Amino acid sequence: MKKKIIHGLLALAALNSTTVLADFANKTFMNDRGSLSNNVLMARNVCGRNSKKKDAVGANVSVAAYYSQSYNHTNLAKYFGDGTNVTPTGLIDVSLDAAATTGLQSGMIDPQSTASSRADIALAMHGDVALNPRRIEAGAQIQWNQCLHKLVDGAWMSVAAPVVYVRTEMRPTYTSTANATSSAAKGMGKGLADYFGGESLGKTVLAAVAFTQDALAKQVITPTYNSVTQVADVNVTLGYDFLREKSYKVGASIHGLIPTGNKEAGLVAMEPIAGNRSFFFGAGLHTRFNLWKSEDKSSSFKMHASAKYSYGFGADQVRTLGLTNVTTGVVPVAQYGLVGDIGTSHYMPLANVSTLTVSVEPRSRLEAIAGFCYRFNRFTANVAYNLFYAQAETLKLKGTFDETNYARVLSTGVVTASASAFAVDAYTTQGGLILATSPIVTNALDLTACTTPAQVVHKVGGDLAYSFDSKLPIRIAAGGSVDFNSSNTSFTSWTVFGKVGFSF
């Protein structure tokens with residue numbers, strides 16, 4: 001464990017490396033940073049007022065309602081679309097041209113045959129699926145800050161938990177030429193919207209061969225949104241301010257995150273996930289300086305800064321693996337290509353059988369904040385900058401996959417009348433068996449497709465607040481934030497929020 005943490009800390013020094021800033025394509029999963037992390041600026045209360053009552057318990061409770069929406073749909077489309085990491089396309093291309101395509105070939109999803117000729121491969125469905133992904137999150141974050149000075153002078157603790165509604169949508173646009181065969185048993189009239197939307201193509205026969213083709217059941221690109229409502233993690237922080245002067249304060253803290261979010265199932269593309277699925281533990285430093293205060297004490301200007309490191313432990317999750325060809329490299333959006341049972345005439349999309357249990361280790365994360373707070377009487381204004389860095393995940397296959405059971409359907413995947421099974425069909429077995437562990441064969445399951453790469457997100461935000469100086473001090477605030485990054489490895493969003501808190 002110590003070695004892993006040291007490696008994580010060393011990785012923080014490479015925030016601006018080309019690996020971190022690179023774009024990616026052909027991905028099946030992106031892990032969000034989590035609501036508590038994403039709401040870090042909204043959760044701050046550096047200029048709040050405490051109760052002055054003699055019997056005050058030193059508690060500050062706040063509830064913040066917020067709405068967040070991703071705006072980097074172009075980058076997200078490239079992340080989930082085909083092409084290469086150097087040239088991501090932002091769409092899923094299903095081409096008739098077997099020689100020149102960055103995505104799928106029509107025979108990979110809609111094989112055809114006249115029993116004597118492969119010329120009618122042109123009858124297969126083909127076209128493009130333009131992706132326009134968006135993620136929306138709305139909810140209420142509840143936070144309890146408790147002073148523990150009666151136990152240990154300078155000690156405090158904080159507990160935070162958001163209740164969130166997460167909504168994701170791919171918003172696909174299809175430019176599709178439908179299957180043009182003369183028989184419904186071969187998929188006549190079915191197009192890309194049917195295939196990627198998880199509808200049955202009705203295929204029960206291919207030329208003289210009776211066969212079946214299962215509908216897409218995993219990583220389905222739904223025409224409408226998908227959503228989940230969940231308590232997205234619980235964070236507990238225990239802090240101690242070891243330097244406490246009138247003009248500044250310096251302290252340290254330890255924190256732990258308890259995962260309470262939903263578990264992914266891989267049923268739909270860009271599945272809505274609330275919170276994390278791993279336990280995190282870490283430590284941090286924080287400081288606050290009083291830069292200026294008016295003589296009548298009605299106005300002040302303060303600076304605050306903090307940084308915390310977290311390590312995420314391994315947890316089992318369900319994700320959809322892709323495919324790598326050991327000669328040509330990553331197979332574009334391979335999860336949507338067909339495979340077949342050896343010794344049968346049974347086809348299914350790879351995602352149906354490559355959506356498996358994996359062990360996911362998020363590893364190191366770093367969050368840093370720097371900002372200013374100006375107070376005038378009961379009004380305060382806050383502005384701040386936040387840096388978020390997450391190390392690339394480490395995945396290990398936990399689910400079982402029978403590598404001797406399947407063969408890949410290639411672009412020439414035509415089952416002729418003389419071919420009764422994948423095992424003897426030269427067109428379907430020329431790629432070799434799909435194998436999860438051995439590099440000897442041509443094709444191998446690929447964990448890279450469902451691994452979230454390193455993430456670097458910059459966030460700027462602020463709020464305006466007003467404090468009611470009553471027996472029960474109440475503070476209201478409204479503000480917002482916006483994210484920026486240099487790659488397509490994270491959801492970048494804008495957020496607006498309203499907050500009310502009281503001290504007692």
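Guide: A salt bridge here is a side-chain nitrogen of Lys or Arg within 4 Å of a carboxyl oxygen of Asp or Glu. The model is predicted: local features need pLDDT of at least 70, side-chain atom pairs need pLDDT 80 or more, and totals for chains, interfaces and linings use all residues. Numbering starts from 1 along each chain as its sequence is written, and side-chain values use heavy atoms, without hydrogens or water.

Searching the whole structure gives eleven salt bridges. Take the pair D110 and K203. Their side chains meet at 2.1 Å, N to O. D110 sits in the loop between α4 and β4 (126-130), and K203 in the loop between α5 and β8 (205-206), so this bridge ties together parts 93 residues apart in sequence. Helices (H or I, at least four residues) and strands (E, at least two) are DSSP runs, numbered from the N terminus. D110 and K203 are both buried. Buried means under 20% relative accessible area, exposed means over 50%, and partly exposed lies in between (1.4 Å probe, protein chains only).

Next comes K398 with D316. This salt bridge spans 3.1 Å, N to O. K398 belongs to the loop between β24 (394-397) and β25 (406-408), while D316 is in strand β16 (315-320), so parts 82 residues apart in sequence are tied together. K398 is partly exposed at 48% relative accessible area. D316 is partly exposed too, at 47%.

Strand β16 also supplies R319, the partner of E393. Their side chains form a salt bridge of 2.6 Å, N to O. E393 lies in the loop between β23 (379-390) and β24, so the pair ties together parts 74 residues apart in sequence. E393 and R319 are both buried. Elsewhere, D32, R135 and E137 are linked in a network of salt bridges.

Now the chain around these pairs. It has seven helices and 30 strands. Of its 504 residues, 54% are buried. A contact is heavy atoms within 4.5 Å. Among contacts with a separation of 6 or more, 74% join residues 24 or more positions apart.

Turn to the nonpolar interior. A nonpolar core is a set of buried Ala, Val, Leu, Ile, Met, Phe, Trp, Tyr and Cys residues joined through side-chain atoms within 4.5 Å. The largest such core has 32 residues. I92, L104, I109, Y195, F196, I221 and Y336 have the most contacts inside it. At least two residues of this core come from each of α3 (73-80), β2 (91-95), α4 (106-109) and α5 (192-196). Helix α3 gives the largest share, four residues. A separate core of 18 residues includes F29, I273, V353 and F401.

Look at α3 itself. L76, A77, Y79 and F80 are buried there. Down the helix axis, the buried residues of α3 fall within an arc of 160 degrees, so they line one face. That arc is taken from the directions from the helix axis to the C-beta atoms. The cover over these buried residues includes β1 (59-70) and β2.

Beyond its neighbours within four places in sequence, I221 touches I92, L131, M170, P172, Y174, F196, G197, A269 and Y336.

M270 is not a glycine, yet its phi is positive, about 50 degrees. It lies in the loop between β13 and β14 (280-293). M270 is buried, at 5% relative accessible area. K297 also has a positive phi, near 65 degrees, and is other than glycine. Its loop runs between β14 and β15 (299-312). K297 is exposed, at 58% relative accessible area. S487 is in the loop between β29 (474-484) and β30 (493-503). S487 is buried at 4% relative accessibility. From S487 to Q455 the C-alpha distance is 8.3 Å, across 32 residues of sequence.
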